[in-house]
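Walk through this model in two stops. Start with a helix, then move to a pocket.

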Amino acid sequence: MVNRYPHQLVSDNASGVHPEVLAKFANVNHGHVTGYGADPVTREALERFASAFGKHSETFLLFNGTGANVLALKGMLQSHEAVICSDQAHLLVDECGAPEHFVGCKLIGVPTRGGKFGVEQIEAWLATDGGGVHHNQPRVISLAQATERGTLYSLDELRGIGEYARERGLLLHLDGARIANAAVALGVEFEDLAEWADVLSFGGTKNGLMMAEALVVLNPELLHRYPYIRKQGMQLASKHRFLAAQFLAYFDNDLWRRNAANANAMARRLAGGLTAIDGVRLCEPVEINLVFVQLPTAWLEALQCLTPCLAWRGEQQSEVRLVTSFDTTVDDIDRFIAAFGELASRH
Ligand SMILES: Cc1ncc(COP(=O)(O)O)c(C=O)c1O
């Protein structure tokens, strides 16, 4: 079959769906079962989540990542309370105000280095806050693992923030849109990453699924709210077995691990090739499947002809983000580097 769409490095959602996931759709596509999650496919998928996150956890399958973040927060705080997050957090800058609109809460973006923040930045913000009835009360710390800059919190860093949150009576939310990439890069299991989290937005779509994400609730005190919040929040699928089927394929034969390992490895290859070209500078360490590089602004237009990508345009120098996927091949990267090298030599 002719591939009508050239390989793009704009995002990990530019990719298609992994064939094992498509096969699982066909596999569960027979007979009639009760909707809304009361079916054997869903039961099996939820058991896989319980194995991955521990028996005390409970998982709710959803359609998308913005929905996961919004519903996670909806169950964690009230409208007079606030979420402390990175000033680059997806939920702060890329969700069209969905958390503010649907939760009604305030989001406080604290300054980050490489997309990460820690106790120091939280304390600095709290020190400027007068407290009292005139101010939103901080209730949730939200971290992205991996971050929007492709960086990772180590298990020690997560523990530090988690312990701080518990001492201060705050809850911890993890945005895990790329949690598989993070787990593979750190060489840990999902459960290790979620140890200090109260609620986790678990991503699947960016790592080979069609459209499936999940909320993993780890704090038993919050649990009773989520079945209702999901339905009220319009994220309860009626033909639920097809959301569940995607996760069955994901956990079968470690598909999540294979996909993330490939995407991460291709990002390292891409970064190696790009930084060998004069004029290109790496902006962040490449820890998952995101590559941020600085290059002359004069190259931008030609680069955008090779692949669409996010770009932050400066007068002389610009920054771009390139993203590899579960299905990016060595050949895709090498061809891109060769074409990019040629355009660089022309300027
Ligand atoms: C860190 C992070 N969180 C959440 C999301 C939201 O995912 P969706 O586009 O499915 O709403 C994204 C998507 O780009 C993301 O990068």
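The expected span of a helix is 1.5 Å times one less than its number of residues. Helices here are DSSP runs of H or I with at least four residues, strands are runs of E with at least two, and both are numbered from the N terminus. The model is predicted: local features need pLDDT of at least 70, side-chain atom pairs count only at pLDDT 80 or more, and totals for chains, interfaces and linings use all residues. Residues are numbered from 1 along each chain as its sequence is written, and side-chain values use heavy atoms, leaving out hydrogens and water.

Take helix 2, residues 40-53. Its 14 residues should span 20 Å at 1.5 Å a residue, and its end C-alpha atoms are 20 Å apart, which agrees. At its start, a side-chain oxygen of D39 comes to within 3.0 Å of the backbone nitrogen of V41. Just after the helix, G54 has a positive phi of about 100 degrees.

Now the largest pocket. Its volume, the space filled by probe spheres set on the grid points, is about 610 Å³. The lining has 30 residues, with H90, D94, R178, K206 and R321 nearest the centre. Helix 3 gives the most, four residues. By class, the lining divides into ten nonpolar, eleven polar and nine charged residues.

Note on methods. Polar contact = N/O pair within 3.5 Å; in protein donor to acceptor, adjacent residues only side chain to side chain. 1 Å grid on protein atoms, 1.4 Å probe; cavity = no way out; pocket = protein on both sides within 12 Å on 5 of 7 lines; lining within 4 Å. Nonpolar A, V, L, I, M, F, W, Y, C, P; charged D, E, K, R; others polar.
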